[in-house]
Every structure is written in C-alpha cells, then in structure tokens.
Amino acid sequence: MTVAAVVTAAGSGTRLGRDLPKALVTIAGTPLVAWAASSLAAVCEQVVVTAPAEHLEEFRRAVSHVAARVTVVAGGATRQQSVALGLAAVSPEADEILVHDAARAFMPVAVSGRALAALDAADGVIPVLPVVDTIVATSGGEVRYLDRSSLGGVQTPQAFRASALRDAHARAAAGGFEGTDDGSLLAAYGYRVVTCEGDPEGRKITYAEDLDHFERRWARA
Ligand code: CTP
Ligand code: MG
C-alpha cells in the first residue's frame with residue numbers, strides 16, 4: 001500500500017485572531033503546520049500541505065526540516081477546495097490517502113494508524129469522540145433533544161481509499177455540495193464510511209483558549 005496525506009493549512013484563522021495564518025503560529029517554537037506534517041510523515045510516503053496562496057514561501061520554510069517528501073501547494077477559498085487542490089498534487093500511485101487539519105496539530109500518530117487499519121473494511125474512516133454535552137437541535141425558537149449516546153464528534157486525520165476520495169470530491173465540486181469534512185462527501189455518494197476511536201489530544205485549535213491549552217501543556221512538559 002502506498003499512503004499519502006493532505007494537510008489542510010490554507011485557512012486564515014479568523015477566530016484565533018492573530019496577524020499571521022493560524023498554521024504558522026508556533027507552540028514550543030514549532031509552527032502548527034510542522035507539528036501536523038511531521039506526525040503524518042511518520043506513516044506516509046508523501047505529504048502535501050495546502051497553504052494560503054500568498055504565504056507559500058513561509059509555509060515551505062516552516063516544513064522544510066520535516067521531511068523531503070513534504071510539499072506545499074496553494075489552497076482554495078474553502079477547506080473542501082483546499083483538499084481538492086491538495087489531492088491534485090498527490091501521486092497517482094497512492095492508494096490510501098489521509099486528510100488532516102493542521103488545526104489539529106497535536107493529534108497522536110496512533111490515530112492515523114487506527115484509521116488506516118480500519119480502511120480494510122471501508123472506503124473511508126473517520127475518528128470520532130463521544131459527545132460530552134447535552135445536544136439540542138434548534139430552529140425557529142424550538143428545541144429538540146437529541147440522543148447523545150448515538151452522537152459523536154468528528155476529528156481528523158480521516159483515511160480514504162484514494163479512488164473513492166477523488167471520486168467524491170469530483171462529484172461534490174460538480175454538484176455544488178459543500179461538506180464540513182471529507183467523510184461527509186463519501187457518505188453523500190454512497191461510499192461506506194466507518195468510525196475509529198478519536199483522541200482528545202486532537203482537539204482543534206480554533207480560539208485563543210485552544211492555543212492556551214496547548215501552550216500550558218508544553219510549558220509543563
Ligand atoms: N482550511 C483550508 N482552506 C480554507 C479554510 C480552511 O485549508 N480555505 C483548513 C485550515 O487551515 C484548518 C482546517 O481547514 O487547518 C480547519 O479549518 P478551521 O479550523 O476553520 O481554520 P481556519 O479556517 O483557518 O479558521 P477560521 O475559520 O477561524 O478562519
Ligand atoms: Mg474556517
């Protein structure tokens with residue numbers, strides 16, 4: 001099996017509110033994109049990083065020490081477009097592809113292993129964590145309580161058969177379907193998507209408090 005990865009890092013990090021792209025923010029002196037790319041380089045033959053088009057050289061510098069097989073390409077206007085542009089740069093020889101958000105920079109590499117292992121029986125694998133809050137659906141002032149035990153929070157890295165991922169992205173682009181992750185695209189086109197166990201360390205860095213959490217961890221380490 002040849003395994004490749006796409007790391008989405010082309011977002012601006014509006015909610016984090018820094019004056020540089022979120023994936024260039026450093027923890028313990030290392031940019032988030034380098035944390036994410038090195039974890040994937042441990043299990044992949046090729047890692048393609050998508051970066052904001054106007055910051056390609058900074059991103060290339062940020063990952064230059066990770067591994068020679070890490071390349072940086074320009075991402076798009078949405079996460080989904082960034083994944084599609086990353087996919088276009090993945091070798092046609094890759095038969096399995098991991099898609100991972102740089103914003104989940106500290107996801108343990110074991111989760112990539114679990115996702116790839118579960119791919120034997122599926123077209124796509126999504127890491128999932130149990131939901132801890134009580135969840136309601138809200139619309140028009142009405143609330144409907146959902147059965148928490150049947151719900152899960154979806155993380156990355158997600159693992160896919162390359163042909164299924166490429167097909168789902170092509171169909172979504174043609175049909176104007178936007179999902180918030182890649183598993184949802186495969187599910188929309190009838191592919192078999194299963195779960196593996198996620199990890200709380202893969203918490204997504206969205207707001208300043210998420211970054212603070214990891215800064216405190218590294219300060220204690
Ligand atoms: N992403 C991307 N291309 C985009 C938008 C997002 O590659 N056009 C990536 C981000 O870099 C991030 C991941 O998708 O690694 C998840 O997105 P999110 O956490 O929302 O990051 P940002 O879009 O950068 O943050 P914000 O929404 O606060 O601006
Ligand atoms: Mg975003």
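Is arginine 203 buried, partly exposed or exposed? Arginine 203 is partly exposed, with a relative accessible area of 30%. Buried means under 20% relative accessible area, exposed over 50%, and partly exposed in between (1.4 Å probe, protein chains only).

The model is predicted: local features need pLDDT of at least 70, side-chain atom pairs count only at pLDDT 80 or more, and totals for chains, interfaces and linings use all residues. Residues are numbered from 1 along each chain as its sequence is written, chains are lettered from A and ligands numbered from 1 in the order in which they are written, and side-chain values use heavy atoms, with hydrogens and water left out.

**View 1. Arginine 203 and aspartate 210 meet in a salt bridge.**
The N to O distance is 3.0 Å. A salt bridge is a side-chain nitrogen of Lys or Arg within 4 Å of a carboxyl oxygen of Asp or Glu. Side chains of opposite charge can pair when their charged atoms come close. Aspartate 210 counts as buried, because its relative accessibility is 10%. A search of the whole structure finds seven salt bridges.

**View 2. Arginine 79 pairs with aspartate 182 in a salt bridge.**
The closest N and O atoms are 3.0 Å apart. This pair links distant parts of the chain, 103 residues apart. Arginine 79 sits in helix H3 (residues 79–88). Aspartate 182 sits in the loop between helix H5 (162–175) and helix H6 (183–188). Helices (H or I, at least four residues) and strands (E, at least two) are DSSP runs, numbered from the N terminus. Aspartate 182 is buried, at 1% relative accessible area. Arginine 79 is partly exposed, at 25%. Arg79, Asp101 and Asp182 are linked in a network of salt bridges.

**View 3. The largest pocket holds about 590 Å³ of space.**
Of the 28 residues that line the largest pocket, the closest to its centre are Arg15, Lys22, Arg79, Asp101 and Lys204. A pocket is found on a 1 Å grid over the protein atoms alone: it is an open set of points where a 1.4 Å probe fits, with protein on both sides within 12 Å along at least five of seven lines. Lining residues have an atom within 4 Å of a point. Grid points are joined across faces, edges and corners, and a volume is the space filled by probe spheres set on the points. The lining of the largest pocket divides into eight nonpolar, 13 polar and seven charged residues. Here Ala, Val, Leu, Ile, Met, Phe, Trp, Tyr, Cys and Pro count as nonpolar, Asp, Glu, Lys and Arg as charged, and the others, Gly among them, as polar.

**View 4. The second largest pocket has about 230 Å³ of space.**
Its lining is Arg104, Leu129, Pro130, Gly153, Val154 and Gln155. Three of these residues are nonpolar, two polar and one charged. Strand E7 (124–130) and strand E10 (152–154) each supply at least two lining residues. Valine 128 is in strand E7. Valine 128 is buried, at 19% relative accessible area. Valine 128 and glycine 153 are 25 residues apart in sequence, yet 5.4 Å apart in space, C-alpha to C-alpha.

Arginine 60 is partly exposed, at 35% relative accessibility. Glutamate 57 is also partly exposed, at 47%.

**View 5. Val136, Val143 and Tyr145 form a nonpolar surface patch.**
Together they have about 310 Å² of accessible area. Accessible areas come from the Shrake-Rupley method with a 1.4 Å probe; for residues, only the protein chains shown count as cover. Patches are made of residues with over 30% relative accessible area and no salt bridge: like charges are joined within 9 Å, nonpolar side chains (Val, Leu, Ile, Met, Phe, Trp, Tyr) within 5 Å. Valine 143 lies in strand E9 (residues 142–145). Valine 143 counts as exposed, at 51% relative accessibility.

**View 6. A cis peptide bond joins threonine 156 and proline 157.**
Omega is about 10°. Proline 157 is in the loop between E10 and strand E11 (158–161).
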